[in-house]
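Dear colleague,

I am handing over the structure below, and I would be grateful if you could look through it alongside the notes that follow.

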Amino acid sequence: MSDFDVKISNARIVDGKNKEYIGSIGVKDGRIIETGKVTGDAEREIDASGLYALPGFVDPHSHGDWGFAWYPNCESAVMQGCTTVVAGQCGLSPAPLREYVQAPGVLWDEVYEKEPYLYHGKSLHKLIDINELHEAKFGWKIEYKTMGDYFELLRKQGIGINFVPLVGHGTIKYCVMGEDYKREAKPEEVSEMKALIHQAMVEGCRGFSIGLDYDPDVFASKEEIDECVAVLKEYDGIYVPHWRRTGRRRNIKMGSYSAEPIEGIKEVIETARKTGVRLNIAHLAPGWHTVPPMTPMIGEAIGKATLKPIDDAIEEGLDINFDVIPWECWEPFPYLCSLHFTQWLRLLGSREKLVEWLKIDEFRQKAWDEIEEGKLFQRLVINPCVNPHWAENFKIVTHKNPEYAGKTLAEAAKIHGKDAWNTLCDLIVLDPDSMGAHTDYRGIEAQMKEFFKHRLGTAGLDVGIRDDKDVMNRNPPYATPLPDTFSGYPKFFMRYVRDRDFLTMEEAVQKTSTIPAKTYKLKDRGTLLPGGYADIVLMDLEKLDHTGHPELTTTYPKGIPYVLVNGKVVVDAGVHTGTRPGVILTREA
Ligand SMILES: [Zn+2]
C-alpha cells in the first residue's frame, strides 16, 4: 500500500497561516498528512511545478441551494476552485417546505410560460404546480419537507463540493403564512417560525439568513426578526442577513426616496447586539446612495464610513464578519435592450420586434412613462427615478458600431448627439444584439478596496451552482447566470493579486478561504496544514483567466488545473472527473 493517496510535489504552498514556501503535500484518507519535504510514495502524484497550492475557496455567500440537487457535480463552483459554499442565503433555503414554494431561477422559463406577466411576476407558487414543471425538466419531484430530508437526498446522490447549510427566514415565513405574507406576523405565527428554526438547527443548519429587501422578509417586524434570530443563541448559530438596502424594490416612482442603506447595516448590528448572536453581514455594499456620482475619492470615503459602525460594534465586543461581492457587474440580463425594456420584450417576444416599435417616438415616450411611474423593477444604479446619473452607470459592452462599444451610455450620448434615453433607443435599433451591463464603474473599485483592506473583508460570490450547458434563458429578457458563477474567484485573484498588486497571495487566501472557514466554524478547513481536510486548489496565476467576455462569462475559467475536495481529485488537468466527494458540513460535522 502506498504512503499517500495523492502527493502534490513542488508547489508554491500558501497555507493560510502566514507561510508561503515551495514544497509538497501528502494526502491520505481525505486529510493532509504531511507538508513541506514529503517522502514516501503515492497512488497518484501531481507535479505542481509553477503552480500555487492554496486552500480550497470557501464561498461565504452562495445561492447553491437547490443547485446541489440539479447539478450535483457542482461544476461552476469547483472548476473555479471553490470547494465549500455556505448556501441558503438572503432568506431562501431549499427547505422547510409545505404548500408553497418560491419559483427557482432555473425554472423561470417554464413558470412564466405557464403564467406570463408584464411587470411583476408572481414569486410564490403552489409546490404541486412547480413540481409538475420540475419533474418535466429534471425527472423527479420535490418531495422532501425538511432540511434533514434535503440532506438525505443530497447524500444519496453525492455532491461535488462541501455544503454549509443555513435556513432561510423567507422560506420559513412562506411555510407558516403561505400567500398571506404581506403583513406583520401574529405572535402564534412567530412561535411557529421559531419552532421551524429550532428544527432546522437540530437537523444541522449552522445559521439563519434573511432577505430584508425581498418578499416575504421585507414585511417582517423588528420584533419578529429579533425573536427568530434569538433562537440561534443556544446552537451558537450565526445570523447572516441580506440587510435592508432599499426596502421593497417596487413602485419606485420618479423622485422616490428611500432611507440611506447605512440604516440597514445599523439595523442588523442592533439585532446582533440585542440577541448576542454572531453576525455575518452579507454582501456589504456602500452605506449611502451617491449623488453626485461615485468617484474614486467618494468611493474611498464611503467605504471607510460604511465600515465605521461595524468597527465600532466589533470594538464594543460584538462578533461580526462580512463578505463582499468582488466583481462589479451583477446584471444577469446581458442584452442592452434587457435593461430598460424588460416588460416590452416580454410583451413583444423578441428583440427584433422591439426594434420595430422603438422606431416610433410615441412608443419611446410610453416606455419612459412606465419607468417614471415605477411600474417595473429596476436596479437603483440605473433607475432614472432615483438616480439622475443613471446613464453613467450603464455600459454598452458590445456594439456593431465600434465607436459605442465599451462606452457608458452617457459617453455614447455625447458622441451620438441626443439625450441618453433616445441614444439608448437608437443604439438598440442599430444593433439589437448589442450587449449591456450596469454598475457604477467609477468609484466602486476604490470603495471595494476599502472593504477588502479590512482584515475581516471576505469575498462572497452571491451566485448559484450549475453547469455550462443551456445557460441562456429562452424567454425575453434572456437571463443568463451571473458572470461570477463561472469565474468569480479567478477574477478576484487576477484583479487584486496579479494585475493590481493590491493584496498579497497570503492576504487573498485569508479572504477566500481561511476567514470564511473561521466565520462559519468549519473545523480543519481553510488552511493547508497537516491534519486538515485536503481541500486544495492548484492555481497557475499567470495563466489565470476567464473565458468568454469578462462581463458575460458563461464558461469555465483557465488556470485552475487541479482541485481536490476531501482528498479526492475532482478537477484533473482542467477536466471535471465526475467524482462527488463533497459532504454536508452540518453543525456537528
Ligand atoms: Zn442577497
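**Cavities**

The residues that line the largest cavity are Asp59, Ser62, Ser76, Ala77, Gln80, Cys82, Val85, Leu461, Val463, Gly464, Ile465 and Thr485; a cavity here is a set of points, on a 1 Å grid over the protein atoms alone, where a 1.4 Å probe fits but cannot get out, and lining residues have an atom within 4 Å of a point. Strand S6 (57-62), helix H2 (75-78) and strand S7 (82-87) are the elements that give two or more residues to this lining, where helices (H or I, at least four residues) and strands (E, at least two) are DSSP runs, numbered from the N terminus. The volume of the largest cavity is about 60 Å³, a volume being the space filled by probe spheres set on the points, with grid points joined across faces, edges and corners. Over the whole structure, the search finds three cavities of 30 Å³ or more.

Before you read on, please note that this is a predicted model, in which local features need pLDDT of at least 70 and side-chain atom pairs count only at pLDDT 80 or more, while totals for chains, interfaces and linings use all residues. Residues are numbered from 1 along each chain as its sequence is written, and side-chain values use heavy atoms, with hydrogens and water left out.

**Domains and cores**

The domain assignment, whose bounds come from an automatic or database source, gives domain 1 (4-54 + 527-576), domain 2 (59-332 + 444-519) and domain 3 (336-438). The centres of domain 1 and domain 3, taken over C-alpha atoms, are separated by 45 Å.

The largest nonpolar core has 115 residues, of which Phe68, Tyr239, Ile281, Leu284, Phe493 and Met539 touch the most other members. Such a core is a set of buried Ala, Val, Leu, Ile, Met, Phe, Trp, Tyr and Cys residues joined through side-chain atoms within 4.5 Å, and buried means under 20% relative accessible area, with exposed over 50% and partly exposed in between (1.4 Å probe, protein chains only). Helix H17 (residues 484-499) gives the most to this core, namely seven residues. Because domain 1 and domain 2 both give residues to this core, it lies between them.

Leaving aside residues up to four places away in sequence, Phe68 touches Cys74, Val85, Tyr150, Leu154, Gln157, Ile159, Ile161, Asn162, Phe163 and Ile465, where contact means heavy atoms within 4.5 Å. There is also a second, separate core of 37 residues, which includes Trp390, Phe394, Ala420 and Ile428.

Ile396 is found in strand S16 (residues 394-398) and is buried, with a relative accessible area of 0%. Among the residues that Ile396 touches, again not counting those up to four places away in sequence, are Leu336, Tyr404, Leu409, Leu427 and Met435. Ile396 and Gly532 are 136 residues apart in sequence and, from C-alpha to C-alpha, 46 Å apart in space.

**The zinc ion**

Cys90 (SG), His242 (ND1) and His283 (NE2) coordinate the zinc ion at 2.2 Å; donors are N, O and S atoms within 2.8 Å of the metal (3.2 Å for Na, K and Ca), and water is not among the atoms, so sites may look incomplete. Along the chain, the donors follow the spacing C-x151-H-x40-H. The two histidines link distant parts of the chain, with His242 in strand S13 (residues 238-242) and His283, 41 residues apart from it, in the loop between strand S14 (278-281) and helix H10 (296-316). His242 is buried, with a relative accessible area of 1%, and His283 is buried as well, at 2%.

In helix H8 (residues 222-230), the buried residues are Glu224, Ile225, Asp226, Cys228 and Val229, and they pack against helix H6 (169-177), helix H7 (187-203), strand S12 (207-211), S13 and helix H9 (262-275).

Most residues other than glycine have a negative phi, and most peptide bonds are trans.

Cys74, although not a glycine, has a positive phi of about 55 degrees; Cys74 lies in the loop between helix H1 (67-70) and H2 and counts as buried, at 0% relative accessibility. Asp236 has a positive phi of about 55 degrees too, and is not a glycine, but Asp236 counts as partly exposed, at 39% relative accessibility.

With best wishes

Technical notes: On a 1 Å grid over the protein atoms alone, a cavity is a set of points where a 1.4 Å probe fits but cannot get out, and a pocket is an open set with protein on both sides within 12 Å along at least five of seven lines; lining residues have an atom within 4 Å of a point.
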